[in-house]
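Please open the model in the viewer and display the whole chain as a cartoon. The tour begins with the overall fold and then turns to a single residue.

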Amino acid sequence: APPAVQDTAAGILGNLAIQSPSNQSAIVAAGALPSLVTLLLKGGTPAKEQACFAIWNLACQHPENQVAIEQAGAIKPLVALLSKGSADLQEEAAGALMNLAAHPDNKRVIAAADAIKPLVEMVKSGGGPAEQGAGCLMNLASNNSENQLSIQKASALLPLLGLLREKVNATRRAREYVAGALMNLSLKQPDMQGEIAKGGAIPLLVEMLSEK
């Protein structure tokens, strides 16, 4: 099919998958994943964006799809887009990985594909990419001590705290993801708890408590 048809089809599938577990299952059952992975690898930028968007929504709160997407080989090409893509594409790829990282097995696979360093770079860059980058780090750190330490080693703390301070450039959701990431990074990690406190997080988090 011509490229415009492919990216339109991927976009429509992405829309159909939003908050619809039955559509999420049906799209995967109909064999969409190999084609979406091919678009991630070989599509033009619009097709790559729409494929990321479709995977993002197919993976949302759907453990079976999270596993199926990993088995279809989507994780490596998504991770590659974190550093190669445009800002919009990085944001879409990180959003897809954030939802995939909700699955315990995928947390390991995503970290093993070297996602952590480019995600930290995205957090530094601000804007939309920073929001999804922080969300992905939040899910990677959840209940995974190996990832907690890898994220700490990748010097993620300063840029994460930077997003909490940057009210102008960071959305409310970005700061919520940062708070979640700090919570997941510090769980059963006394060193990290100390670093977060030293980094000035406490007054920033207390301030968030009284926000509308």
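This is a predicted model.

Next, colour by secondary structure. The protein shows 15 helices and zero strands. Its radius of gyration is 17 Å, close to the 17 Å given by the globule rule for 212 residues, so the protein is as compact as a globular protein of that length. Viewed along the principal axes, the C-alpha atoms occupy a box of roughly 55 × 35 × 30 Å.

Of the 212 residues, 50% count as buried.

Select the charged side chains. There are 17 positive and 18 negative ones, and the centres of these two sets lie 4 Å apart.

Finally, select histidine 103. Where does histidine 103 lie relative to helix H7 and helix H8? Histidine 103 sits in the loop that runs between helix H7 (87–100) and helix H8 (104–112). Is histidine 103 buried or exposed? Its relative accessible area is 14%, which is under the 20% cut-off, and histidine 103 is therefore buried.

Show the neighbours of histidine 103 next. Leaving aside residues up to four places away in sequence, histidine 103 touches Pro63, Gln66 and Val67.

Alanine 51 and histidine 103 are separated by 52 residues in sequence and by 20 Å in space, C-alpha to C-alpha.

Terms used:
Residues numbered from 1 in each chain as written. Predicted model: local features only at pLDDT ≥ 70, side-chain atom pairs only at ≥ 80, totals over all residues. Heavy atoms only, no water. Helix = DSSP H or I, 4+ residues; strand = E, 2+ residues; numbered from the N terminus. Rg over C-alpha atoms; globule rule 2.2 N^0.38 Å. Buried < 20%, exposed > 50% of the residue type's maximum accessible area, 1.4 Å probe, protein only. Lys, Arg positive; Asp, Glu negative; His and termini not counted. Charge placed at Lys NZ, Arg CZ, Asp CG, Glu CD. Contact = heavy atoms within 4.5 Å.
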